[in-house]
Amino acid sequence: MRRNVNVGIITSGGDCQGLNAAIRGVGKALFKYLDNVEIYGMYDGYRGLIECDYKFMEAKDFSGIITQGGTILGTSRQKYIPGKAIVDENGNDLMPQMLNTYNRLNLDCLVVIGGNGTQKSAKLLMDAGMNVVTLPKTIDNDIWGTDTTFGYQSAVDIATNFIDYIHTTAFSHSRVFVIELMGRDAGWLTLSAGIASGADCILIPEIPYDINKVAEGIMQRRKKGRLYSIIAVAEGAVSKDDVVLSEDERRAIKDRMEQPSVAYKVANQLKDILGTMPHVAVPGHYQRGGPPCPLDRVLATRFGTAAAHLIMDKKYGYMVGMQNNEIVPVPLSEAASRTKFLPKDHPLIQTARDTGIFFGD
Ligand code: F6P
């Protein structure tokens, strides 16, 4: 008798738009082509695998979720020792529990949907002997091996819309606004939203800024009669002074910093130079909430169905990625090896400069 194909699905790390569309893509394609499939949805990311806490998913569970934000399975961040282990708060390796669940459910494969950190921990599962296929999600767009991730475009839309709204009030009151966007240590989201919304200045981690140059740009605008300015700053942006410091030194400064985040730091520094305090606006987690935009629904569906095909072909140990507009399997060892920062010579940076946007460099 033919044995069932058993598949586990996990959504792990910070949520974003398109997770349910991806889950749906995996489930719908598996149910379409296999009449002997069992799907286990692990609750709250790796926690579900560690504690064997799961939902047995039927075909109907994959219907009506493409428009929903968040993840129907829940998610969490699990403590991780880089390249070594997924651990509990006491540092105990949790791999034995995860292997236990994998074997107990007789899984043929685990679909792990996550960002940078999740790709790295999924590689540990693979190294421990589990069959793994991963999907790249994050609003940060910083996963190596794929040109884009789902969640990113939805967040760009939200961030752009947020800046658009601030723009009109900044103009009316002739004010300077510093708007802080997410992206962790990468500037993709801020660069795209900044260009799309016509921000005047963009500060991103990949181009360390000099606050005097930022102030100079604002004063130049004033001289030309543009009395308001919009500065889009990525949460990981760093000044030229700080970029030479070690990570520990930077963390120490951050811990001592009275300002809650980089936007406040930039605003306070500008106040000292310009004489007036710029306004700060931070959309925060709003950027990764709500329904996915159509582009992300399509992308997540393509990624999800591609994962199902990899499983049916028994091709494990891959992340589904997008390269040059084609869906490709990327070896997980490669995808988990590094972070995809914005290259300094990326054409979008020049596009921004061509339209007069300055980077404070
Ligand atoms: O990686 C996605 C992301 O939203 C980053 O942009 C941000 O730095 C981080 O997660 C926030 O994490 P948390 O949801 O744990 O506060």
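Author: Gladly. This is a predicted model.

Reader: Why is asparagine 141 called buried?

Author: Its relative accessible area is 2%. Buried means under 20%. The value for asparagine 141 is 2%, so the residue is buried.

Reader: Which residues is asparagine 141 in contact with, leaving aside its neighbours within four places in sequence?

Author: With that exclusion, the partners are Asp147, Thr148, Thr149, Tyr152, Trp188 and Lys340. Each has heavy atoms within 4.5 Å of asparagine 141.

Reader: What about tyrosine 102: where is its place, and is the residue buried or exposed?

Author: Tyrosine 102 belongs to helix H3 (residues 95-104). Its relative accessibility is 5%. The cut-off for buried is under 20%, so tyrosine 102 counts as buried.

Reader: What is tyrosine 102 in contact with, leaving aside its neighbours within four places in sequence?

Author: Leu107, Asp108, Cys109, Leu110, Met130 and Asn131. There is also a distance to quote for isoleucine 50. Tyrosine 102 and isoleucine 50 are separated by 52 residues in sequence, and their C-alpha atoms are 9.4 Å apart in space.

Reader: What makes the phi of cysteine 52 worth a remark?

Author: Most residues other than glycine have a negative phi. Cysteine 52 is not a glycine, yet its phi is positive, about 50 degrees. The residue lies in the loop between helix H2 (46-51) and strand S3 (54-57).

Reader: Now the helices. At what angle do H6 and H13 pack?

Author: Helix H6 (residues 188-197) and helix H13 (residues 347-354) pack at about 30 degrees, with their axes 10 Å apart. Their crossing is left-handed. Leu191, Ser192 and Ile195 of H6 make the contact with Leu348, Ile349 and Ala352 of H13.

Reader: How many residues of each class does that contact of H6 with H13 have?

Author: Five nonpolar, one polar and no charged. Leu, Ile and Ala count as nonpolar, and Ser falls among the others, so Ser192 is the polar residue.

Terms used
Residues are numbered from 1 along each chain as its sequence is written. This is a predicted model: local features need pLDDT of at least 70, side-chain atom pairs count only at pLDDT 80 or more; totals for chains, interfaces and linings use all residues. Side-chain values use heavy atoms; hydrogens and water are left out. Axes are lines fitted to C-alpha atoms, for helices over the stretch in contact, and angles run from 0 to 180 degrees between N-to-C directions. Helices (H or I, at least four residues) and strands (E, at least two) are DSSP runs, numbered from the N terminus. A crossing is left-handed if the near helix is turned anticlockwise from the far one by less than a right angle, and right-handed if clockwise. Buried means under 20% relative accessible area, exposed over 50%, partly exposed in between (1.4 Å probe, protein chains only).
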